[in-house]
Amino acid sequence: MKHSYFQVFDLSEEAPDKVLHRLYVNLERLKMGGDILAVQIWRRLRLIVAGGDGTASWLLGVVSDLELAHPPPVATVPLGTGNNLPFSFGWGKKNPSTDQRAVKSFLGLVKHAREIKIDSWHIILRMRAPREGPCDPIAPLELPHSLHAFHRVSSCDSLNMEGYHTFRGGFWNYFSMGMDAKVSYAFHSERKRNPEKFRSQLTNQRTRATLGLKQGLFCASLSQPSSRNLAQLAKVKIMKRPGSPWQEVQVHQSIRSIACLNLPSFSGGLNPWGMPGTRRAADRQFTAPFVDDGLVEVVGFRDAWHGLVLLAPNGHGTRIAQAHRVRFEFHKGAADHMFMRVDGEPWKQPLPTDDDTVVVEISCLRQVSMLANEPCRSMSVNDPSLPLPAHCLDDDSDASEDDEDEWDDGRRKFGAADTFKLPDEIDIAHLS
């Protein structure tokens, strides 16, 4: 059993739900056989995922779907391009050394890392079935792990509705749509075609900037609807607190990208939300971003020049809202597709032009545990050294307990662990 403490699995060969299935079943069988060490392993179990933000989110989705009473906390090794998840929790954003001493040092940090709860967010997209043409998400040249975070629901899913196409997914870092997702899609496609050209961070940044110029990120293209301002394409509605009414928010005509943020790291370490002050009246309604407060920060960008503001001290995007739920309602015939991105995974989403009911809704689902190293950029409402945000002090006694609507049954899971099935003799309750 000595070597069972450290086991490595290649997720390109075996999905995380299958890995955890085998792990939990083996532990439970050992526990049922009286193995004391199996009980200790279960209590001290910590997961480490090495990869990009998409891979990390895939594993977090599986852990979230299991709904264990004591889910194992997760540490992330930055092996991707953006590495927003590991950077937010103090694990850095550059690829780490892989020599024996560095690996042992990292494992020691993981062993003593503190746990932080993090909100998870559920995404639903629903539209009427088009008269012709597919509406499935189009991945950029079929990336290996693309769209684990977003996919069509099965025919037996409670969210499935006859005559409609329904897609579901989830995120821990961000959901974005508009020009930034379009450039990311082009970048991933180009990297898939010519992987030899993407061997350094500097080259990647230069290529992304070049693609941004070609895709119209620095100036809007009059010929491409997907590059127009988002106010021309969709309405934005928010629910500020559980049970509160939906409110439509006004999006400035210059906004071409919108990001819904859960973490203080976006596009490789930038913080688009920043720290709202009290000097400007428009900022007094907002609070600092917390990763476990049940709110997502909604930020807008005009173009790439606006994004450069983030590089300046106290720079930030256009703060639109903080909300418990967000809904995008697309105007009929405004565009035949929209580029979207979830935790580093971009895709092209076809939209029916004859449908006025295309809706994307984002809602807070539940929480999972992350492992944090120092310095940790993410802030928790449970940190006694930080002031409690105002909304956590509000009396919500008048808020309705019924915070659900037509998506009610679908908020139980992301669908990431659909293949997780325990043998009949194993009781999932024992795993807690």
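What covers the buried residues of α1? I started there. The cover includes α2 (36-44), β1 (47-51) and α3 (53-66). I took contact as heavy atoms within 4.5 Å. Buried means under 20% relative accessible area, exposed over 50%, and partly exposed in between, with a 1.4 Å probe and protein chains only.

**Ground rules**

I note that this is a predicted model, where local features need pLDDT of at least 70, side-chain atom pairs count only at pLDDT 80 or more, and totals for chains, interfaces and linings use all residues. Residues are numbered from 1 along each chain as its sequence is written, and side-chain values use heavy atoms, with hydrogens and water left out. Helices (H or I, at least four residues) and strands (E, at least two) are DSSP runs, numbered from the N terminus.

**Helix α1**

I looked up its span. Helix α1 covers residues 16-32, 17 residues in total. From first C-alpha to last it reaches 24 Å, close to the 24 Å expected at 1.5 Å a residue. The expected span is 1.5 Å times one less than the number of residues. Next I listed the buried positions of α1: P16, D17, V19, L20, Y24, V25, L27 and E28. An α-helix has 3.6 residues a turn, so residues three or four places apart point the same way. Just after α1, G34 has a positive phi of about 90 degrees.

**G51**

I then moved to strand β1, where G51 sits. G51 is buried, at 15% relative accessible area. Leaving out residues up to four places away in sequence, G51 touches V77, P78, L79, G80 and N83.

**Open sheet**

Six strands make an open sheet, in the order β11-β10-β9-β6-β13-β14, with antiparallel pairing. Two strands pair if DSSP finds at least two bridges between them. Which strands stand at the edges? They are β11 (318-323) and β14 (345-350). Each has a single partner strand, so one side of each is left without a neighbour in the sheet. Neighbouring strands here are turned by 20 degrees against each other on average, direction ignored. Axes for this are lines fitted to C-alpha atoms, for helices over the stretch in contact, and angles run from 0 to 180 degrees between N-to-C directions.

I looked at one pair inside the sheet. Strands β9 (257-261) and β10 (296-301) run antiparallel and are joined by five bridges. C260 has V298 in β10 as its bridge partner.

**Salt bridges**

I counted a side-chain nitrogen of Lys or Arg within 4 Å of a carboxyl oxygen of Asp or Glu. That rule gives eight salt bridges.

How far apart are the closest N and O atoms of R114 and E374? The distance is 3.2 Å. The pair links distant parts of the chain, 260 residues apart: R114 in β3 (114-128), E374 in the loop between β15 (359-372) and α9 (390-393). R114 is partly exposed at 38%, while E374 is exposed at 52%.

K237 and E329 meet at 3.4 Å, N to O. K237 belongs to β7 (234-239) and E329 to β12 (325-330), 92 residues apart. K237 is partly exposed, at 22%.

E329 also meets R327, at 3.8 Å, N to O. R327 counts as buried, at 13%. A network of salt bridges links K237, R325, R327, E329 and E361.
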